[in-house]
Amino acid sequence: MRKIFTVFFLCLFLTAGFAATAEAQLSVTDAKARGLVGERPDGLLGIVQSAPGVNELVSSTNAQRLDRYRQVAQGNNTPLDQVQALAGERLMNETPRGQYIFLNGRWVQK
């Protein structure tokens, strides 16, 4: 039950996080669609290909994600790495075909 609760709140956070970054010059959605960034197993965004604004986008998105993961971990008395792994698995599974995920030590197009 606790894992379901955690995943539910992660989904809410990630949806809100994507909307918040949409105000930036380059959004996560756009960067993923262009093959500039991808999802990692630790629930963080990674740089696939460098471009203007990508470093800042990844840094700010990851800071927001980590903050939320810490909140969820603390609230559920769960290790941070376990929360990140659950989020990473979900984000990678939900990544649309044609976008990138970090799998077995390298970026692969799903």
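Modeller: A definition to start: two strands pair if DSSP finds at least two bridges between them. Also, this is a predicted model.

Biologist: OK. How many bridges join β1 to β2?

Modeller: Three bridges join them. Strand β1 covers residues 37–39, and β1 and β2 run antiparallel.

Biologist: Which residue in β2 is the bridge partner of Val 37?

Modeller: Ile 47 is the partner of Val 37.

Biologist: What packs on the sheet there?

Modeller: Helix α3, residues 54–76, packs on the sheet. Helix α3 touches β1 and β2. The direction of α3 makes about 160 degrees with that of β2.

Biologist: Zoom out. What is the strand order in the sheet?

Modeller: The order is β2-β1-β3-β4. The sheet is open, has four strands and shows mixed pairing.

Biologist: Which strands are the edge strands?

Modeller: Those are β2, at 45–47, and β4, at 106–109. Each of these pairs on one side only.

Biologist: And what does the twist average?

Modeller: From one strand to the next, the twist averages 45 degrees.

Biologist: New topic: rings. How many aromatic pairs are there?

Modeller: The count is one aromatic pair. Phe 102 and Trp 107 form this pair, with 5.0 Å centre to centre.

Biologist: Why is the pair called edge-to-face?

Modeller: Because the planes are 70 degrees apart, and over 60 counts as edge-to-face.

Biologist: Is Trp 107 buried or partly exposed?

Modeller: Trp 107 is partly exposed, because its relative accessibility is 21% and buried means under 20%. Phe 102 is also partly exposed, with a relative accessible area of 27%.

Technical notes. Residues are numbered from 1 along each chain as its sequence is written. This is a predicted model: local features need pLDDT of at least 70, side-chain atom pairs count only at pLDDT 80 or more; totals for chains, interfaces and linings use all residues. Side-chain values use heavy atoms; hydrogens and water are left out. Rings of Phe, Tyr and Trp (its six-membered ring) pair if their centres lie within 6.5 Å; planes under 30 degrees apart count as stacked, over 60 as edge-to-face and the rest as tilted. Buried means under 20% relative accessible area, exposed over 50%, partly exposed in between (1.4 Å probe, protein chains only). Helices (H or I, at least four residues) and strands (E, at least two) are DSSP runs, numbered from the N terminus. Axes are lines fitted to C-alpha atoms, for helices over the stretch in contact, and angles run from 0 to 180 degrees between N-to-C directions. Contact means heavy atoms within 4.5 Å.
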